[in-house]
Amino acid sequence: MASFNVLHDFEIPADAALKLLAPGAVYLKGHSVTGMTAAEAGELLLLAPEGTFEPVDKEADTVNEWAATKRLELSGNVSVDGAVETGKDE
């Protein structure tokens, strides 16, 4: 189970499209969130602004890394441009 410290107040929007969490749930700065499944934690971390929750165990840390990667995938793209030439000198 994933556990987090709450670093900033956060409320899940009432109109959020969720599968696992309750719309309108409130997380207050200084509190701890414990016993979340990885799926619940992932949904929460994708909704909350980055830096709202601090992971306090290995599962939470893993889910936090996944959420950071997922945010990057959803918010933009990463690409590499360049040209490579191969061949023999004749």
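A residue is called buried under 20% relative accessible area, exposed over 50% and partly exposed in between, with a 1.4 Å probe and protein chains only. The model is predicted, so local features need pLDDT of at least 70 and side-chain atom pairs count only at pLDDT 80 or more, while totals for chains, interfaces and linings use all residues. Residues are numbered from 1 along each chain as its sequence is written, and side-chain values use heavy atoms, without hydrogens and water.

Both Tyr 27 and Phe 53 are buried. The relative accessible area of Phe 53 is 5%. Phe 10 is also buried, at 9%.

Three aromatic pairs were found in a search of the whole structure. Rings of Phe, Tyr and Trp (its six-membered ring) pair if their centres lie within 6.5 Å; planes under 30 degrees apart are stacked, over 60 edge-to-face, and the rest tilted. The ring centres of Phe 10 and Phe 53 lie 6.3 Å apart with planes at 80°, so this pair is edge-to-face. Phe 10 belongs to strand β2 (residues 10-11) and Phe 53 to strand β5 (residues 53-55), so the pair ties together parts 43 residues apart in sequence. Strands (E, at least two residues) and helices (H or I, at least four) are DSSP runs, numbered from the N terminus.

The rings of Tyr 27 and Phe 53 have centres 5.5 Å apart and planes at 85°, so they too are edge-to-face. Tyr 27 sits in strand β3 (residues 26-27), 26 residues from Phe 53. Phe 4, Phe 10, Tyr 27 and Phe 53 form one aromatic cluster.
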